[in-house]
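Please examine the structure shown below alongside its sequence.

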Amino acid sequence: MKFSFSKELEITQMAEGLNRKIVNYCDNLMVCEVHFEREGVTAAMHSHPHEQCTYVVSGKLKATINDETHILEKGDSMLMAANEPHALTALEESVVVDTFTPMREDFLK
C-alpha cells in the first residue's frame with residue numbers, strides 16, 4: 001500500500017487492553033501503532049526473528065530488553081535485535097509505534 005488511512009485500519013486485540021493497528025507494510029518493513037489502554041497493560045517478555053524499533057508517541061512505559069529496564073516517555077525509543085527478549089508495561093495509558101524488519105507475516109494471519 002502506498003497510502004493508508006487510520007479510519008480504515010483494522011484494530012487487532014493482542015491482549016486485554018492492548019490493541020494494534022498495522023499502519024503500513026511491504027516485504028522488508030512493517031509499521032504498527034500499539035495502544036496500551038491503561039496502567040498495568042503488558043506486552044509480556046517475548047522475542048522474534050525481526051529487528052524492531054519502538055517509539056513512544058504518548059504515555060509512560062517500563063521497557064525491558066534482556067535484563068536491562070528503563071522508563072520510556074513521549075519521544076523515547078528502544079531498539080531490539082533479532083531474537084532479543086523484550087517487554088513493555090504501561091505505567092499510564094500509552095501509544096507506541098513499532099517498526100519491524102522484515103515485516104511480521106504472523107501479524108497478517
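**A guided reading of the model**

H50 is placed in the loop between β4 and β5 (51-58); strands, like helices, are DSSP runs numbered from the N terminus, with at least two residues (E) for a strand and at least four (H or I) for a helix. The model is a predicted one, in which local features need pLDDT of at least 70 and side-chain atom pairs count only at pLDDT 80 or more, whereas totals for chains, interfaces and linings use all residues. Residues are numbered from 1 along each chain as its sequence is written, and side-chain values use heavy atoms, with hydrogens and water left out.

H50 has a relative accessible area of 10% and therefore counts as buried; the term buried means under 20% relative accessible area, exposed means over 50%, and partly exposed covers the range in between (1.4 Å probe, protein chains only). Although H50 and T99 are 49 residues apart in sequence, their C-alpha atoms are 9.6 Å apart in space.

H46 belongs to strand β4, which spans residues 42-46, and is partly exposed at 32% relative accessible area. Between H46 and A87 there are 6.6 Å from C-alpha to C-alpha, with a separation of 41 residues in sequence. M80 is part of strand β8 and is buried, because its relative accessibility is 1%. Its C-alpha lies 5.1 Å from that of Q52, a residue 28 positions away in sequence. L72 is found in strand β7, residues 68-73, and is buried with a relative accessible area of 8%. L72 and Y55 are separated by 17 residues in sequence and by 9.1 Å in space, C-alpha to C-alpha.

Most residues other than glycine have a negative phi, and most peptide bonds are trans. N66 is not a glycine, yet has a positive phi of about 55°. This residue, N66, sits in the loop between β6 (60-65) and β7 and is partly exposed, with a relative accessible area of 38%. N83, also not a glycine, has a positive phi of about 65° and lies in the loop between β8 (77-80) and β9. A cis peptide bond, with omega about -10°, joins T101 and P102; P102 is in the segment after β10.

Which cysteines form disulfides? A search of the whole structure finds zero disulfides, a disulfide being a pair of cysteine sulfur atoms within 2.5 Å. C26 is in no disulfide, and the nearest cysteine sulfur, that of C32, is 12 Å away. The sulfur of C32 likewise has that of C26 as its closest cysteine sulfur, and the 12 Å between them is too far for a bond.

Charged residues follow. Side chains of opposite charge can pair when their charged atoms come close. How many salt bridges does a search of the whole structure find? The search finds one, where a salt bridge is a side-chain nitrogen of Lys or Arg within 4 Å of a carboxyl oxygen of Asp or Glu. The side chains of D106 and R104 meet in a salt bridge, at 2.6 Å from N to O. D106 counts as partly exposed at 39% relative accessibility, whereas R104 counts as buried at 8%.

The surface carries patches, which are made of residues with over 30% relative accessible area and no salt bridge; like charges are joined within 9 Å, and nonpolar side chains (Val, Leu, Ile, Met, Phe, Trp, Tyr) within 5 Å. E16, E37, E39, E73, E92 and E93 form a negative surface patch. E93 lies in the loop between β9 (86-90) and β10 (94-101) and counts as exposed because its relative accessibility is 57%.

A nonpolar surface patch of about 290 Å² is made by M1, Y25 and L108; accessible areas come from the Shrake-Rupley method with a 1.4 Å probe, and for residues only the protein chains shown count as cover. L108 is in the segment after β10 and counts as partly exposed at 40% relative accessibility.

Note on methods. Lys, Arg positive; Asp, Glu negative; His and termini not counted. Charge placed at Lys NZ, Arg CZ, Asp CG, Glu CD.
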